[in-house]
Amino acid sequence: MHSAITRVWYRWLAIGLLAVFAHTAGAAAPGRIDAAMLAPLAASDTDAKLGTIAALGQLPDPAAARVLEALNTGALFATPAGRVLIGTGGAGGAAVDPIDGSTLAMPADASAITINNRLRRAIAGALAASRLFADDVQVRLQAAQRLQSGSDVALLPTLDAARDKEQNPAVRDALDIARANLALQSDDPARRRTAAELLGNTESAAFRPVLAALAMPRADGSFAEPDGSVREAAVNALKQIDRHQALIEWSGNLFYGISLGSVLLLAAIGLAITFGLIGVINMAHGELLMIGAYTTYMTQSFFRQWMPAWIDWYVIAALPLAFVITALVGMALERTVIRWLYGRPLETLLATWGISLILMQGVRTLFGAQNVEVSNPSWMSGGVTVLGGLVLTYNRIAIIIFAALVVFLVWLLLNHTRLGLFVRAITQNRRMADCVGVPTGRIDMLAFGLGSGIAGLAGVALSQLSNVGPDLGRGYIVDSFMVVVLGGVGQLAGTVIAAMGLGTVNKFLEPYAGAVLAKIIILVLIVLIVQKRPQGLFAPRGRSVE
């Protein structure tokens with residue numbers, strides 16, 4: 001029996017010794033934080049704090065990232081005895097011990113650890129390195145992408161450790177790029193050459209300066225990179241990056257040119273209808289755009305106050321409202337002023353210019369002279385990234401689609417409805433249409449209302465791209481007339497082609513000539529085209545020829 005007791009005693013003793021050994025080994029295990037490592041954070045020595053921050057950034061322990069985040073946000077506390085705690089409720093609240101994760105009451109004598117800008121910059125870099133070992137894939141990916149622009153060679157072992165541990169392909173690729181950027185400082189020419197080739201394959205302009213420093217000669221003719229093969233790899237990488245950036249620039253100009261053309265198309269299509277049908281130069285057309293934009297602002301304000309849960313859909317509600325309001329304004333102008341001035345172009349131009357001034361002053365009186373805020377709904381905010389660097393914003397994509405839809409509906413209206421038949425008849429021969437019973441006066445009013453309503457829709461679109469103010473329409477009236485004249489008076493297809501062409505050419509010229517000179521060049525080109533082809537791209541028929 002004595003021997004049995006002895007065996008039990010030895011067994012429990014062995015279990016206890018194993019537990020103590022396991023605890024000791026775990027406390028001293030490499031890659032984990034301990035009290036000795038955190039102690040310098042409680043001291044006043046900045047250099048010691050920098051060393052601790054750098055060491056925390058290289059640890060694969062998620063607790064290290066929590067300590068760095070707490071230090072960065074002012075939530076890291078220290079007692080006079082040197083114990084470091086993460087505060088969860090401020091001074092006097094709860095605290096978490098970063099070493100074992102236990103929760104306790106914040107000691108009364110604990111105070112927040114303060115940092116300066118030098119420490120804050122070090123924390124930012126260390127946080128990125130420590131987040132390489134986070135549980136969330138997106139956090140790891142963002143950390144790897146942030147370290148791609150780093151220059152601290154001391155992080156290379158950390159990157160290697162993270163790369164060996166990483167299972168996600170996207171994070172692994174990002175880590176490879178970060179490692180290649182640091183490998184350019186390696187002593188091995190083969191590794192530098194491989195790194196230069198990898199950075200070239202990224203096609204990212206962020207690596208162009210470091211590659212150019214390797215490939216380009218200094219002022220004295222020498223090279224920073226002594227190895228010729230590495231310099232050749234850097235030159236090839238630069239060419240690869242430049243080709244990709246040229247593609248991004250060209251694609252970006254094309255996208256923004258089409259989006260600008262869509263705006264010009266929306267602004268000009270209503271003008272093309274009224275100008276082609278009635279022959280009236282409506283200088284108040286830009287102010288109809290402004291009314292549509294302010295209708296959008298009022299709709300947004302109504303939704304914010306009375307229907308906040310539906311605020312993201314205020315644009316959808318603003319579309320019919322803007323169309324109806326501007327159409328009514330347009331029909332009122334046609335019935336009260338413009339109908340008495342048919343056949344008198346100078347008087348019509350002066351009268352509509354005066355109406356535009358009245359409308360602008362009326363808006364200033366109601367809403368003030370300052371711009372008003374019209375924000376994009378959440379589904380139109382942000383964008384999609386293509387080609388690794390070109391952002392196609394959702395609001396411009398929506399406007400391009402909306403402009404195409406408006407053109408399609410106008411085409412249906414003009415070609416497959418009774419109103420469209422009358423409009424085409426009057427445009428081709430007003431006197432004959434009047435003789436066969438077409439109510440030309442009423443059709444003039446409806447067509448002017450249609451053109452004005454489309455201008456209101458253009459105002460809704462413009463409110464999602466630029467500031468809304470009393471002078472909103474003034475910047476588009478000249479461009480709208482250029483589109484109408486170039487495309488052919490009253491010609492829908494010509495208006496579409498002219499708007500897209502002018503928008504695209506303008507965006508391609510702006511980077512080289514500037515915004516003002518680009519418009520001057522376009523105006524000169526239009527004058528030359530009209531000199532050779534006065535009827536525009538598509539020849540008008542009927543009354544427009546007379």
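Analyst: The expected span of a helix is 1.5 Å times one less than its number of residues. Helices are DSSP runs (H or I, at least four residues), numbered from the N terminus. This is a predicted model, in which local features need pLDDT of at least 70 and side-chain atom pairs count only at pLDDT 80 or more, while totals for chains, interfaces and linings use all residues. Residues are numbered from 1 along each chain as its sequence is written, and side-chain values use heavy atoms, without hydrogens and water.
User: How far apart are the end C-alpha atoms of α20?
Analyst: They are 30 Å apart, which agrees with the 32 Å that the 22 residues of α20 (residues 492–513) should span.
User: Which residues of α20 are buried?
Analyst: Among them are Leu-492, Ala-498, Leu-502 and Asn-506; buried means under 20% relative accessible area, with a 1.4 Å probe and protein chains only.
User: What follows α20?
Analyst: Gly-514 does, and its phi is positive, near 90°.
User: New topic: where is Thr-348?
Analyst: Thr-348 lies in helix α14 (residues 345–367).
User: Why does Thr-348 count as buried?
Analyst: Because its relative accessibility is 4%.
User: What does Thr-348 touch?
Analyst: Leaving out residues up to four places away in sequence, Thr-348 touches Val-280, Ile-281 and Leu-341, where contact means heavy atoms within 4.5 Å.
User: And at what angle do α12 and α18 pack?
Analyst: Helix α12 (residues 285–306) and helix α18 (residues 440–463) pack at about 55°, their axes 7 Å apart. Axes are lines fitted to C-alpha atoms over the stretch in contact, and angles run from 0 to 180 degrees between N-to-C directions.
User: Which residues make that contact?
Analyst: They include Leu-288 and Gly-292 of α12, with Ala-455 and Gly-459 of α18.

Technical notes: Helices (H or I, at least four residues) and strands (E, at least two) are DSSP runs, numbered from the N terminus. Buried means under 20% relative accessible area, exposed over 50%, partly exposed in between (1.4 Å probe, protein chains only).
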